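I opened this model to look up what surrounds the ligand and where the annotated positions sit. My entries follow.

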Amino acid sequence: MAGFQTLDDLQDIAGKRVLLRVDLNVPVKDGAVSDTTRIERVAPTIRELSDKGAKVILLAHFGRPKGKVVEEDSLKPVAGAVEAVLGRKVAFGTSCIGDEAASAIAALNNGDILLLENTRFHAGEEKNDAEFAKALAANGDTYVNDAFSAAHRAHASTEGLARLLPAYAGRTMQAELEALEKGLGNPERPVLAIVGGAKVSTKIDLLSNLVRKVDALVIGGGMANTFLAAQGVEVGKSLCEHDLADTARQILRDAEAAGCSIVLPVDAVVAREFKAGAENETVDVSAVPSDAMILDAGPASVKNVEAWLDKAKTLVWNGPLGAFEIEPFDRATVAAANYAAARTEAGALVSVAGGGDTVAALNHAGAADKFTYVSTAGGAFLEWMEGKVLPGVAALSK
Ligand SMILES: Nc1ncnc2c1ncn2[C@@H]1O[C@H](COP(=O)(O)OP(=O)(O)O)[C@@H](O)[C@H]1O
Ligand SMILES: O=C(OP(=O)(O)O)[C@H](O)COP(=O)(O)O
């Protein structure tokens, strides 16, 4: 891979402190990690560095605690899941900077692995603050970035650090970029994108560029509710960012100008409680009761998605079509995933999907290993698809 150094260029690291940025922002259900794909993807890099005798210090974020210590966003429970995937001991340090980090690192022997607490517990992380980056850099001799799925963030641990220490791409970073280039570098048309999920405010801006790159865009999940509301549809108590209505309307205009078809849900599965087995009904999107929330796309909407999957030669997918973690609101996502998987197996479709929850949804559907490629990245993958240079990748290419 041209443009940056990889682990092949990293020699003589026995006894060296390697700060390894990984993405451990994994789905958690009832306090336990419910999908370990992201951990499995970074495991080869961790093992390789540990086997070469480095002191492997994992830096990662979890959730969006916005610069404050938030108990439920602690990485401590994730350390156990990393340990289970690796089959090796993983120590935990209660802060990623300062004395607490230094003393945890001082206790390491060559080859040991340490996970430091959530980088986003410090406001300097998301601001890419120079002093915070320096405090992180003080703990390491070398920096390796294996968090492709966080490479669209210009944060201290994903970007700033690469400018302070000798910087290398990890095996997953390298493999993700190579696989995306191979699968989507020159996509066969029509190209269909499916964008759903819950991260509406951080992903909606991507869509105005994406509609210029794809022939059709299916909008699902919480993202769809925002677009429906922007068109005057009553979405009741659904997850919806009403203040983004102008942005949504502009994207619809951009899509029309670019000749990109927009596919919104026409029916929805609604419930009054966000819990498994909640009493639910399927209604036309024009008939969502004011005290209910849309938790899934309905069967007519799924048929529309399937019709587009029949026409498409290439699929890019980030974000589930509904709240797939709670049954029966997984139906639309599972049906679309299996349909895309069957088209792929028939040789009719190149299918690339990504995102922490999207991967979990595809695993839940039993479809992940039938897709052409499954990326760990959601937002980063969409930004790569737009043609943007990701700050975390650019910093490695300095
Ligand atoms: N209609 C909906 N209402 C509430 N949550 C939803 C809805 N549709 C999807 N979601 C939620 O979206 C989340 C995944 O979104 P997101 O984080 O954007 O995906 P990814 O991690 O794959 O990038 C899931 O937890 C899912 O429950
Ligand atoms: O889970 C992630 O992104 P994704 O939901 O787009 O896959 C990454 O860890 C980035 O997290 P962020 O969107 O809170 O910066």
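**Shell around ligand 1**

I sorted the shell around ligand 1 by class and noted seven nonpolar, eleven polar and three charged residues, where Ala, Val, Leu, Ile, Met, Phe, Trp, Tyr, Cys and Pro count as nonpolar, Asp, Glu, Lys and Arg as charged, and the others, Gly among them, as polar. The model is predicted, so I kept in mind that local features need pLDDT of at least 70 and side-chain atom pairs pLDDT 80 or more, while totals for chains, interfaces and linings use all residues. Residues are numbered from 1 along each chain as its sequence is written, and chains are lettered from A and ligands numbered from 1 in the order in which they are written.

Of the 21 residues around ligand 1 (C-beta, placed from the backbone, within 6 Å of it), I listed Gly197, Ala198, Gly221, Gly355 and Gly378 as the nearest. Helix H12 gives the most to this shell, with three residues.

**Annotated arginines**

I then turned to the UniProt "binding site" annotation, from an unreviewed entry, which includes Arg64 and Arg120; such annotations may be inferred rather than shown by experiment, feature names are shortened, and positions are given in the numbering used here.

I found Arg64 partly exposed, because 13 other C-beta atoms lie within 10 Å, whereas Arg120 is buried with 26 (buried means 20 or more within 10 Å, exposed 12 or fewer, partly exposed in between, with C-beta atoms placed from the backbone).

Leaving out residues up to four places away in sequence, I noted that Arg120 touches His61, Arg64, Pro65, Gly67, Glu125 and Glu126, contact meaning C-beta atoms, placed from the backbone, within 7 Å.

Methods
Contact = placed C-beta atoms within 7 Å. Helix = DSSP H or I, 4+ residues; strand = E, 2+ residues; numbered from the N terminus.
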